[in-house]
Structures are given as C-alpha cells and as structure tokens.
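Here are my notes on the model you sent over. Have a look at it first, then read on.

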Amino acid sequence: MTLRIDRRIYSDECISKAIYALAARYSFKRSLLSEVEEELIVIPQTDTEESTVKADVFDSLNDFKLRCIIDKETHDIRTILYAKAFSDCEDIDETDLD
Amino acid sequence: MYRLLPFNFTRIANQEVIVNEVGDMQIVPLGTVQQIVEKKLDEKSELYKTLHANFFLTDTAIHPLFDIYVERLSEKKSFLDDHTALHIFVLTLRCNQNCVYCQASSQQESSCHVTMSMHTMEKGVELMFKSRSQHLTMEFQGGEPSLEYDLLKYGIEKAEEKNLTEKRHITYVLCTNSINLTEQVLDLCKQYNVLISTSLDGPAFLHNKNRGKTDSYEKVVAGIAKARETLGFERVSALMTTSVEGLNYPIEIVAEYVKLGFCDVFIRALNPYGLATENDDWEKYTERFIEFYKKALNHIIDLNLSGTFFREDYAAIILKKMITSFNSGFVDLQSPAGVVNSVIVYNYDGFVYASDESRMLAEMGDYTFRLGSVDDDYEQIVYGAKVREMAKVWSNETLAGCSDCALKVYCGADPVRNYSTQGDMYGYRPNSLLCKKNKAIIEYIIELIITREDKVLPVFKSWFL
C-alpha cells in the first residue's frame, strides 16, 4: 500500500518514530517526493485490510506528533529536572529556561 | 495559559494512560491527551487540578512543588547512589540435579575443575568491599553451591572478618535446590543468618519432570521443611522457573506454593541461556508465557479476594513503581540497567562478569561480558572499557523504541539480553521478545486497574504496604 505523507504536518522525526513503532507488523520504504511530501510504501507482514494499514499508520503518526510536541515544549524543564535530581546544583531556577 | 511538564501516553482498555517522569499514572478518557497538548483543558476542571497536582502540567514556568518532583525522581533512581549491592559468587557448576531448562550449564556432581578456588573467593570478597554500598548482599550460586561447604564457609568467614572494620550491612543468600541441606550447611546458615532461596517448579509431577529425577520434589519439600525448622519459617523463600511443560499448569503451580505455606510466588519466565537455548520456538514460548502469567495472576487475585494473602512478586515489583514513591530494587527492571550498577558476579573460573546472565553466556563460549579477573583492580573492572561500552546503551531513556514508550518507567534496560538474543547490546524493540513480554505484563496490570479497580487495587496495595 502506498501512502503520501505531508511533511509540513508530520516531521521527519515523527515519521521515523511512527514507523519504528510499527516495524513488528509492517515493512516500510520511504521516498521523498518533494520538500513537503513523502511517499511511504507499507508492506504488511501478514494479511491485513488496507483500511487497517492506513489507520495504523496515521494513528501512529498522530500519536508521535503529540509526543514530539510534548518533548519540544518540555525539553528544558526535563533537563533541569534531571540535572537537579542527579547533581548538587541548587542554583538552577526558572531563569535558566530563558 | 498552562505549560506542559514531561509525560508520555499509551492506550489501554479503551482509555488513555498518561505517565510522568516518576511513574505517576493517570487514566483519562480517549482524546484527553490531545486536549492537554492543544491547551484546551478547562483550567477550572477537576482533571486540570489532578494533572497539576501530579506534575503533568504547571501554570507557572516552574511548578510550585518542583523541588519535591526533583526529590521524587532522585528517590526513584536512588539505586545509583547505592552502587553495586548484589555480589553473586558462583561457587561451582557441579550439581546434583539434571534440570531440563538449566540456564547455568551445570555439570555432573563428580565433575572436576568447575569449582571456585579459595584464592578466587578471597579476592572476590576483597572486591565486594570495594563497592561503596552500605548494604551488601553476598549471594551464593551454582551449579549447586551447598556441595561446596568448605568454600561457602570460607567466603562467609572472610566477609565477616573484613566487616569487623568495614561495618557494612551484609545479607547472605544461599541459592540452593535444597537437596543437600545437611546439618553442617544449615548450622552455618543459622550461625550467619543466611537466607535460603530455593527452587520449586510446582507440583511433584511437574517439578520431577523438570529436574530429570523421580524423587526431586520429595527431597526439595523435605529440605524446605528442614531449613524452616532450623532457620525460621520466613528465612526460606522459593523461586519457580516456567518450563515449556509448566506453561500448562498456572493454577497448579500457585496452588503448590500455597499448600507449602509460602505467601508469594515469582512467576518467572525461562531465559535463553544454557540448556534453555534448546527451546526451539521462543516466540511461541513468549506468547504462551504471557497467557500463562495472566491466568496465574488472576488466580492469585481471586485467592486474595477470598481471604488468602498471597503475592505475585513480578507484579508487586511493577506495582511498587506505579503506586509508591520508591524504586523496586529489582535489577532486571532497572534503568540504568542492573548490570554492574547493582550486581556483579565472581565466577568459579576466577573472572568477574557483569551479571548472572553474563556468566551463563560465558559457559556458551561468549566472553563479551567478562569484565576482568578477580586479581584486577576494582576500578579497572567497574570503570573499564567494557563497562563504558555498556553504559552507552544501559538507559532505556535513550534507546529507540524505549524512550518513546509510556511504560519505560516501569520497565528497564538489559544490554546483555539484547546482545544474547539480538546480536547487539542496543537491541531492536519491534521484535524483542523481552520487550513484548514486559509490555504485555505491565499493560495487563494496568488493564486490571482500569477494569476492576475496586476489586484489584486494594489487593495490589496490600502486597507492599
């Protein structure tokens, strides 16, 4: 099955992670059609309805898009959280977020 | 407008399960994550207050209780401060049983050159005290370690002698099949408060079949009774390993443990080392094990609901991570991984290995996780090139497939298993059977909480409160 993915909606990171998560059930071939469009050939490893394949791929893409947004927004605070938890630096505060 | 704090999510039983950095879990209706991320959550709603109180979002740049969150993360990873606490001494490969699934490549009782020298024991004890951990567990394994009484005694006495000045808290554990628990061995155990960890695979027909003997069950049960009488009931615990045959008997195995007066069982899967590698279909085994585990867990929950306290230890470890502020202390579900960080092995051959599984691999001719000799410096062993290589892949927070998994906080990293089953320490999650098994079990526990919360949660909480 061939799907077209809009890279303005789904980033490269998001597509990579989404297909990695599905790699137990599907094989993938990625090709760039243009800067904003990607072709994804999806080969199910067992008999699977096309509608299921499409739903699986887009559900995974949408989930990883949400995860990418969360990761981007929380990157700094997560760094501070781990830095404070694993070191003695008491002087990290919200100004370090700027 | 609120800000997000780091969290991940998955879907279980038609609900969204969101998990933060310390393993706090919230179960919310489908579509909630998108609402949270798109900042469409009503800031006056109960859900908003719950998510704020549980560090999923904040209305200031830094959450007002951020330092508490930091402390909680620190506590969850406190095993790193403890450093290597579990020190396994493989006294011998000699054994008096013929287990069909033996993962330790045990040899005949009459075998030569498979027993630790006194020199190796002495050096091993010295290395153990180089660990900064205030709590040391000296665990004796085999083969069958009780066959080496003199070595066992020497090891404990050396540790006691050294501890006169070191003043550590030492726990001794003898992992034995209980067939050879002589008066001499039990007296030694009594003198030094040695815990007995024995192995029992289930009812007589199953246990005997697994052990390749006709009278093993009777001898083990007699050994357990004798050890309980000498050392105290609570000083004897038992472990089971699920052979292929055992997969057919989840209820019978649990019933056997209840019958013998144990209040817990660790439903443990077979690991792909030693004779167990002869199992011809690991994928099928894993699928069957997951179903077996679910049946056993449900039976255990029913037992509790009908008034018999009984715990499944693997679920209890995962639940402790989910429900309490503490880490479980279980080396197989740890990130950074348990290898070297929490456990190290002094093998009968005079070499030091990264974990129990590492020395099992060595018996199969693969010395990848041999860290050095007992005659080497401690620093050379635990900070050497091999350990530094492992350190690159021993945190699931940094591994593809794990880092995006909402359940990673409850799971762990295992470079040795990745290497032995997939050929490299990094591993490939989509077809990792360890990932499949752990994920299925963790998801099932959460599913039980979602679908039968009123019944199962009080039972689960009773297992560690």
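1. Strands here are DSSP runs of E, at least two residues long, and helices are runs of H or I of at least four, both numbered from the N terminus; two strands pair if DSSP finds at least two bridges between them. B:Val345 sits opposite B:Tyr353 in β14(B). The two strands make a hairpin with four residues between them, and B:Gly350 in the turn has a positive phi of about 90°.

2. A caveat: this is a predicted model, where local features need pLDDT of at least 70 and side-chain atom pairs 80 or more, while totals for chains, interfaces and linings use all residues. Residues are numbered from 1 along each chain as its sequence is written, with chains lettered from A and ligands numbered from 1 in the order written.

3. β13(B) also pairs with strand β6 (residues 86–90) of chain B, this time in the parallel sense over four bridges. B:Phe89 stands opposite B:Tyr346 there.

4. Both faces of β13(B) (residues 343–346) are covered. B:Val343 and B:Val345 on one side, and B:Ile344 and B:Tyr346 on the other, are all buried (20 or more other C-beta atoms within 10 Å of the residue's own, C-beta atoms being placed from the backbone).

5. Zooming out, chain B has 17 helices and 15 strands. Buried residues make up 45% of its 465 residues, and its C-alpha atoms fill a box of roughly 70 × 50 × 40 Å along the principal axes.

Terms used
Buried ≥ 20, exposed ≤ 12 C-beta atoms within 10 Å, placed from the backbone.
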